[in-house]
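Q: Could you walk me through this one, slowly and with the terms explained as they come up?
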Amino acid sequence: MRMRLVPRGRTSVLAEVGVLTAAVAVSAMVGALVFAAAGAPPLASLGVLVTEPFGSAFGLSETLLKAVPLGFCALAVAAALKVNLWNIGAEGQFCMGALGATWAALYGPVVPGPMRIGFALLCGASMGALWALVPGVLRTWGRVSEILSTLLLNYVAIAWIEMLVYGPWKGEDRFPYTAFIDAGFWLPPLFRRVHAGLLLLVGIAVLLAWIERRTVIGYEVRVVGASPALARTAGLPVAARLLAVLAVAGALGGLAGACEILGVQHRLHAQIAFGYGYTAIIVAFLARRDLLASVGVAVLFAALAVGGDGLPVADPALSPAIVKVFQGVLLLAVLSGSTLVRYRIVLERATPLSTREGA
Amino acid sequence: MRPPALAVSIALALVALVAACSRGEPEPIAEPPLKVGFLYVGPVGDGGWSWAHDQARKDLERTFPWVETAFQESVPEGAEAERVLAQYAERGYRLVFATSFGYMDSVLAVAERYPDVTFMHCSGYKRAPNVGTYFGRMEQAKYLAGLIAGRMTRSGRIGFVAPHPIPEVIRLVNGFALGVRAVHPQATVQVVWTNAWFDPGKEKEAAAALVDAGADVVATGADSVAPLQEAQARGVYAIGYDSDARRFAPGAFLTAPMWDWSVVYRDVVRRVRDGTWTSGDFNGGLETGVVRLAPLAEIVPPDVQTLVEQEDARIRSGSLDIFAGPIRDQDGGLRVPEGATIPDTDQLRMDWFVEGVQGTIPR
């Protein structure tokens with residue numbers, strides 16, 4: 001027996017809403033059981049997962065704050081998927097973006113006041129773009145899989161940060177982080193800890209979605225993504241388009257890191273990215289590679305994290321490990337549901353073997 | 001466009017949940033419990049640093065019926081820590097212990113926003129009216145462990161798995177090395193950095209590299225038990241840290257310098273409850289019980305056990321200061337002259353190794 005996933009062709013939105021609602025409902029039921037087994041009131045605990053991230057100005061601000069780096073990273077993954085490239089390197093692009101922005105703020109040339117933030121963002125985006133161009137070049141001219149090269153470059157990026165924060169960029173505490181950047185480089189706050197990076201994220205997502213749907217470049221990218229062979233026949237510069245898309249993807253990852261430095265952390269340290277770039281892959285997948293949806297799903301993921309962290313605080317009977325069990329179940333259910341809506345499972349007999357058995 | 005479907009369905013489910021969840025709160029009890037939150041940098045199951053803090057948290061729950069605790073593990077230093085600290089404050093916690101140096105500026109930032117909440121930061125040096133700091137003179141227990149390592153080594157080469165190259169860790173390596181050299185003046189202590197508090201993979205590799213380089217005793221200053229397991233597998237002695245983890249390396253384990261944070265935590269929760277808490281710094285040594293050695297393994301010979309007991313008593317009584325001069329640095333330069341010692345302020349900024357330590361501190 002062999003299992004195969006066969007695309008279903010067109011699926012109705014209704015079916016999708018139904019399946020995903022069921023997935024969430026099933027995981028809520030499993031969660032309720034797990035919470036009850038741990039000695040916590042199941043319904044109230046599930047409620048915390050909603051009220052913690054959305055139920056107060058504090059929670060909402062923390063959710064949106066976390067959605068910014070996650071959203072940018074998800075855009076970095078989704079953008080590359082437009083040309084069927086898997087960007088597993090948002091984590092590294094995030095790191096290089098954070099590095100670029102920190103350099104601009106601490107060691108860069110003197111820039112006139114109002115242009116400082118823009119300059120630091122540009123440095124972060126450029127570093128991210130350069131970091132993503134390396135796998136682009138390797139793929140275009142060296143036939144190296146971008147899945148491997150983008151992934152492996154993440155570790156190189158983290159090593160760069162470690163070298164700097166343990167070494168020449170070490171701050172006054174002699175602890176592995178830099179000094180705080182000057183307040184003139186801080187992204188202006190919107191409310192509570194939420195900073196202008198949120199507006200930047202939404203603005204850029206809308207802009208990119210518009211370019212994708214309404215411009216010639218967007219059309220060309222779509223053609224390259226749909227069929228490189230066709231694009232080549234039509235005379236499109238396929239390699240150049242692939243590289244350009246990867247550069248944009250890298251710049252988005254870089255902006256995630258830059259916003260994290262300029263908006264929240266205000267200094268570089270070795271734990272700066274801690275997995276946003278990897279979570280972003282799931283976000284982009286669930287968002288069906290769509291740019292605007294990536295931002296929306298990023299908000300939901302941020303909410304899941306903030307809500308999950310709130311659970312053991314709200315009810316100490318629930319340990320962080322139990323919360324992770326629930327988050328895992330939810331993710332698995334939603335991912336399976338999302339896959340099964342688009343594909344059906346076909347069981348096939350392994351013919352050569354059965355023939356032999358029959359003989 | 002498909003994507004919004006996910007958002008719609010999740011929103012639907014969430015609305016249903018909230019509707020289902022609006023139930024009454026449990027009846028209020030006579031005295032509201034003192035809610036105490038903990039922030040750990042590693043998982044509670046690390047068998048090391050975070051585990052030791054969690055033991056003391058459980059001790060509070062057992063000792064005081066009016067204390068209610070919660071913890072968050074593996075909280076990254078930086079923006080995440082700031083959120084989790086604030087989540088405690090938002091939920092009515094009156095006391096929060098933040099147990100890693102890297103939480104320092106997050107604690108200060110959150111403490112300013114929630115002046116009614118008391119924050120205790122472990123191993124830091126920045127305080128505020130509602131932020132206190134606490135730590136212990138672990139270098140004393142490391143010194144005692146060093147005595148044992150110095151007496152047990154045959155090759156004269158001892159390995160040390162060290163997490164971050166920061167003053168806190170450098171101080172402990174130095175305390176250990178001073179103990180080693182007190183009984184074995186030719187011995188060397190080789191240091192390998194893992195650049196992480198908790199990373200069992202890197203810690204195991206570091207221990208393996210040290211054994212390859214000739215070490216027959218491996219000590220660790222990182223949070224996991226991986227170096228002990230590697231020592232056991234390679235047939236060399238091991239000195240743990242933070243917890244009595246002898247069951248992970250029964251043939252290799254000699255002892256482990258350990259923390260007993262309940263010494264600090266019991267006192268702090270009492271004071272916060274009585275309203276007598278004031279900001280300050282706790283930095284106790286062996287005499288307070290906040291640091292101590294795990295019971296020595298049976299393979300440690302009786303004369304070494306006696307030596308450790310004597311030196312332990314001398315440190316407790318104050319007649320032995322492990323940082324008393326003369327102390328030379330690893331290049332042979334005299335750092336602490338005869339008759340002098342290293343004041344606490346300099347210990348907080350220590351960025352040099354004592355004589356006998358092999359390894360570099362990144363600049």
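A: Let me begin with two terms: two strands pair if DSSP finds at least two bridges between them, and helices (H or I, at least four residues) and strands (E, at least two) are DSSP runs, numbered from the N terminus. This is a predicted model, in which local features need pLDDT of at least 70 and side-chain atom pairs count only at pLDDT 80 or more, while totals for chains, interfaces and linings use all residues. Residues are numbered from 1 along each chain as its sequence is written, and chains are lettered from A and ligands numbered from 1 in the order in which they are written.

Q: Why is E5 of chain B largely enclosed?
A: Six of the six residues of strand E5 (residues 131-136) of chain B are buried, so the strand is largely enclosed by the rest of the structure. A residue is called buried if 20 or more other C-beta atoms lie within 10 Å of its own, exposed if 12 or fewer, and partly exposed in between, with C-beta atoms placed from the backbone.

Q: Which residues point which way from E5(B)?
A: B:Val131, B:Thr133 and B:Phe135 point one way, B:Gly132, B:Tyr134 and B:Gly136 point the other way, and all are buried. In a regular strand the side chains alternate between the two faces of the sheet.

Q: Switching topic, what is the order of the six strands in the open sheet?
A: In chain B the order is E10-E9-E8-E6-E7-E16, and the pairing is parallel. The edge strands are strand E10 (253-255) and strand E16 (357-358) of chain B, each of which pairs on one side only.

Q: What joins E6 to E7 in there?
A: Six bridges join strand E6 (residues 157-162) of chain B to strand E7 (residues 188-193) of chain B, and they run parallel. Within that pairing, B:Gly159 stands opposite B:Gln190 in E7(B).

Q: What is the bridge partner of B:Gly159 in E8(B)?
A: B:Val218 is the bridge partner of B:Gly159 in E8(B), and four bridges join E6(B) to E8(B), which run parallel. B:Val218 also has a bridge partner in E9(B), namely B:Ala238, and E8(B) is joined by three bridges to strand E9 (residues 237-239) of chain B, again running parallel.

Q: Are the residues of E8 in chain B buried or exposed?
A: In strand E8 (residues 217-220) of chain B, B:Val217 and B:Ala219 point one way and B:Val218 and B:Thr220 the other way, and all are buried.

Q: Zooming out, how many helices and strands does chain B have?
A: Chain B has eleven helices and 16 strands. Its radius of gyration is 23 Å, close to the 21 Å that the globule rule gives for 363 residues, so chain B is as compact as a globular protein of that length. That radius is taken over C-alpha atoms, and the globule rule is 2.2 Å times the number of residues to the power 0.38. Buried residues make up 55% of the 363 residues in chain B.

Q: What about domains in chain B?
A: The assignment gives domain 1 (34-136 + 261-288) and domain 2 (138-256 + 294-358) of chain B, with bounds that come from an automatic or database domain assignment. The centres of these two domains, taken over C-alpha atoms, are 27 Å apart. In chain B, 17 residues of domain 1 are in contact with 17 residues of domain 2, where contact is defined as C-beta atoms, placed from the backbone, that lie within 7 Å.

Terms used:
Contact = placed C-beta atoms within 7 Å.
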